[in-house]
Amino acid sequence: MTFSIANLFSEHFDKKFDLHEQHLNNQMVRVLRTIGYDRNYKRAVGQYLYDEEGREYLDLLSGFGAFAIGRNHPTVIGALQETLTLELPNLVQMDVSLLSGLLAEKILQTTPDNLTKMFFCNSGTESVEAAIKFSRYVTKREKIVFCDHSFHGLTMGSLSLNGEQIFREGFGPLLPGCHSVPFNDLEALEKALSGKDVAAFIVEPVQGKGVNVPNDDYLPEVERLCKKYGTLFVADEVQTGLGRTGKFWAIEHWGVKPDMICMAKALSGGFIPVGAVAMTQKIMDTVFNRMDRAVVHGSTFSKNNMAMAAGLATLQVMEDEKLVENSAKVGEDIIRTINATASKYEFLKEARGKGMMIAVEFESPKSLSLKAAWTMLEAANKGLFCQMVTIPLFKEHRILTQVAGHGMNVVKLLPPLNLTQKDRDWIVNSFDQAIADTHQVPGSIWDLGKTLAGHAMKNKKK
């Protein structure tokens with residue numbers, strides 16, 4: 001019998017939730033069924049998902065940013081198919097690979113000119129782990145400083161730099177010498193660095209949890225303070241990089257030159273796990289300073305041909321389709337248009353972000369009836385109001401979004417960078433209707449709110 005993935009997919013299409021309940025994370029299945037996200041997707045093209053009945057959904061999460069060029073892009077598929085048929089030598093460990101050299105050269109053409117070396121790995125969290133190790137080795141210091149509410153990954157080193165307690169709880173003790181400062185607070189940062197004992201300050205140029213955008217003077221001052229106190233400045237661009245914010249790298253908005261840039265997610269078009277760190281010559285030469293240290297840090301699959309080919313093809317697609325420019329133009333339009341409706345809606349605080357990294361934040365209203373409804377939800381679980389926006393967006397408007405973080409009244413949009421005018425209209429019209437519905441108290445949307453509050457209260461008692 002010929003082995004066929006297509007046959008497996010067809011024969012077991014209706015079993016995915018049952019299989020996950022039996023063999024994988026059954027709590028994820030419970031979440032999806034509780035909020036009505038338990039769809040059987042059959043196909044994905046670009047920014048769209050299609051269920052078994054052929055209904056089209058607009059995916060504004062893009063695999064947490066991995067599908068910046070959209071799903072199943074034919075150029076990347078072609079590159080991967082070609083790579084598979086060439087019978088190339090792959091992962092010859094006592095050798096170096098051509099494709100990784102070409103991808104490194106291509107990436108470094110986009111980074112600030114002080115970054116001239118690349119290290120490849122398999123994921124964003126691995127890139128952060130590398131940055132931690134390299135910073136400590138180069139500076140001969142132990143401490144790492146990060147920001148409150150940051151997200152840098154979930155392996156033990158990067159988890160130690162995670163600003164969200166829910167991810168850290170129960171996994172300690174974590175890496176010693178790591179502590180946080182408030183994001184966008186230069187006074188707190190200088191105090192933390194002034195002892196001249198901090199190896200690195202690692203920061204997301206725009207924070208993913210909440211889509212928090214810094215003041216314009218923040219990152220330039222971060223760069224200055226790091227130089228002043230001998231601390232390496234590490235920009236975590238795992239989510240913000242490769243056009244997400246309307247610039248190839250988010251740091252370009254502020255003209256700064258970090259000592260390292262961590263990257264991953266969109267780098268392979270979402271096909272093959274890949275991460276990387278761009279760094280200065282000094283960092284590379286210090287860590288790998290002798291022939292016997294040539295393999296002091298690495299990863300078995302880090303420069304595999306499939307990942308490198310996918311990366312090269314992805315960068316070509318971004319250039320050919322002008323996706324960075326499209327991210328800036330369409331993202332700004334979405335933010336501006338949603339903000340223009342704020343005067344109509346008491347619950348809507350603001351839309352913010354850069355490019356296609358967008359937050360829509362809600363707040364307590366002034367009207368007594370609306371305020372009472374808001375308070376009921378907040379008492380059950382902080383941030384629950386957003387579910388009354390995201391669930392109807394999905395069920396009624398077929399738009400996939402999520403809450404931006406735990407305990408936040410922020411909906412996050414992280415769409416593919418190839419959104420069209422049709423998609424833009426779909427988004428702003430759907431948000432307008434979903435937000436309008438929340439202002440109808442009582443109303444069907446608040447029946448959903450009561451149900452969500454009931455679930456939240458039961459969970460608290462467990």
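**A guided tour from surface to core**

Begin by selecting Phe-3, Ile-5 and Leu-8, which together form a nonpolar surface patch with about 340 Å² of accessible area. Such a patch joins nonpolar side chains within 5 Å, from residues with over 30% relative accessible area and no salt bridge (a side-chain nitrogen of Lys or Arg within 4 Å of a carboxyl oxygen of Asp or Glu); areas come from the Shrake-Rupley method with a 1.4 Å probe.

The model is predicted: local features need pLDDT of at least 70 and side-chain atom pairs pLDDT 80 or more, while totals for chains, interfaces and linings use all residues. Residues are numbered from 1 along each chain, and side-chain values use heavy atoms, without hydrogens and water.

Phe-3 is exposed, at 64% relative accessible area, where exposed means over 50% and buried under 20%.

Next, select Gln-239, in the loop between β8 (232-236) and β9 (260-263). Gln-239 is buried, at 18% relative accessibility. Its side chain makes a polar contact (N or O atoms within 3.5 Å, one able to donate a hydrogen and the other to accept it) with the side chain of Lys-412, at 2.6 Å.

Finally, select Met-263, one of the residues touching the most other members of the largest nonpolar core, which has 117 residues. A core joins buried nonpolar residues through side-chain atoms within 4.5 Å. Helix α13 (residues 305-320) gives the most to this core, with nine residues.

Technical notes: Patches are made of residues with over 30% relative accessible area and no salt bridge: like charges are joined within 9 Å, nonpolar side chains (Val, Leu, Ile, Met, Phe, Trp, Tyr) within 5 Å. Buried means under 20% relative accessible area, exposed over 50%, partly exposed in between (1.4 Å probe, protein chains only). Helices (H or I, at least four residues) and strands (E, at least two) are DSSP runs, numbered from the N terminus.
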